[in-house]
Amino acid sequence: MEKIIAINAGSSTLKFKLFEMPEEKVISSGAVDRIGIPGSNFTIKTADGHKTKIEQPIKNHEEAVDLLLQQLLKLDIIKDYHEITGVGHRVVAGGEIFQDSALINDQVLKDIEDLKEYAPLHNPANATGIRAFKKILPDITSVAVFDTSFHGTLPEKNYLYSIPYEYYEKYGARKYGAHGTSHRYVAGQAAKLMQKPLEDLKLITLHLGAGSSITAIKDGKSFDTSMGFTPLAGITMATRSGDIDVSLVVYLMEKLNIKDPRKMLEILNEKSGLLGLSQLSPDLRDILDAADDGNHRAEVAVDILVNDIVKYIGSYATEMGGLDGIVFTAGIGENSVPIRQKVVNRLGIFNAKLDDELNQQRGERFINQADSAIKIMVIPTNEELAIAREVERFKKMED
Ligand code: ADP
């Protein structure tokens, strides 16, 4: 029995989940918030649900890791630091270098930092988290798990943009996708639920959260995915526009007298999507409520979201030459009964039939009727567990 910790470090946050492996039991979880800014705090939960919150200045990620480890000892979750034998770090961008998770060494850390152009906010923060752990626990197995690496199998026809080829060669201008750890995890669970080898299935996984992406999975591999060079592409999201005609971006920059393209990107990333359309909220719950009250713009925002989802399902099923199952996951996919209903009701062409009662329930399950031509599933995503499993995989290779 060993303990493995999954880490998700942001610029001012550090979230963690500690697992007992191979039982995959969560023995603690929590987060350090507001690192380096006033109001720093740390919350930690034990397996029995007991929560502790500490408010104190936490200057940097190293202090955050220090505090986290101290509290694990103090709360008797571990007796000694050495009980933690592995750490898995979520890393947002892996570019073309990382087609798989990687054992962290100096070169890997440098590569992660060098990839910051692909994820300016995330990769440097991820690297900071890695360095903080390395300093305090230098000898444990340390693995980087990339959001992009599951999409390393995209065929050329699905990752190249129709722009001069040399931009791909010189600058890495291509589709990388995102949410790979989640898509991989739910696809694996779907195959178990369907009692079939993943390699034999054609699946579409719908990761619908604040950020949303849709992936076509064929022969057990990512075959196409809706996010692009960055997570801005694809379907409409909480605050991101999703796919858009680039000429419109230039036109708007002229109209709005915006000189800095990064300012325009900020509008497309942070002020668009459901928030931009509804002018109400980025949270789908608020928009669904407003739509129920007859707010037209909220109704249209919901229609656009559902339409975007079914457009991708239709095109991915055609691309794969068939469809065996659809998986709903993440905040919206796991929790929104009406969105699942609206989506599946549009899939008559696939003879998809929703079981309204199963749709109301919770947890990992089928939600299709017995005679539905395709399986429809809800599978809560668990990126931290997927990360811990990756660490286990690397530990086995080391042995
Ligand atoms: P992130 O992309 O940040 O990981 P999540 O996967 O946690 O986000 O999803 C968060 C989103 O899920 C919120 O923006 C909220 O709109 C949506 N959400 C959560 N619960 C529901 C629900 N019951 N109905 C509709 N939307 C929901």
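Let's start with a pair of strands. Strand S9, residues 202-208, and strand S10, residues 212-218, run antiparallel and are joined by 7 bridges. One example: Ile 204 has Ala 216 in S10 as its bridge partner. Keep in mind that this is a predicted model.

A quick reminder on sheets. Their strands pair through backbone hydrogen bonds, and the pairing can be parallel or antiparallel.

Now zoom out. There is an open sheet of 6 strands here, and its pairing is mixed. Read the order with me: S11-S10-S9-S12-S14-S13. Which strands sit at the edges? They are S11, at 221-225, and S13, at 365-366. Each of these pairs on one side only.

Next, the ligand. Which residues are around it? Gly 209, Ala 210 and Gly 211 are among them.

Look at the backbone here. A ligand oxygen is 2.9 Å from a polar backbone atom of Leu 284. A ligand oxygen also lies 3.1 Å from a polar backbone atom of Ala 210. At Asn 335, a polar backbone atom is 3.5 Å from a ligand nitrogen. How much of the ligand does the protein bury? On its own, the ligand exposes 580 Å², and the protein buries 65% of that.

Which elements give two or more residues to the shell? Helix H10, at 284-292, and helix H12, at 330-335. H12 gives the most, with 4 residues.

Thr 148 is in the loop between strand S8, 141-146, and helix H4, 156-159. Is Thr 148 buried or exposed? Its relative accessible area is 8%, so Thr 148 is buried. Setting aside residues up to four places away in sequence, Thr 148 touches Val 92, Ala 93, Gly 94, Gly 95, Tyr 176 and Gly 177.

Then Tyr 165, in helix H5, residues 165-171. Tyr 165 counts as partly exposed, because its relative accessibility is 40%. Beyond its neighbours within four places in sequence, Tyr 165 contacts Glu 156 and Leu 160. One last distance. From Tyr 165 to Asp 356 is 191 residues in sequence, and 48 Å in space, C-alpha to C-alpha.

That's my tour. Thanks.

Note on methods
Residues numbered from 1 in each chain as written. Predicted model: local features only at pLDDT ≥ 70, side-chain atom pairs only at ≥ 80, totals over all residues. Heavy atoms only, no water. Near = heavy atom within 4 Å. Polar contact = N/O pair within 3.5 Å; in protein donor to acceptor, adjacent residues only side chain to side chain. Areas by Shrake-Rupley, 256 points an atom, 1.4 Å probe, with all protein chains shown as cover. Buried < 20%, exposed > 50% of the residue type's maximum accessible area, 1.4 Å probe, protein only. Contact = heavy atoms within 4.5 Å. Pairing = 2+ DSSP bridges.
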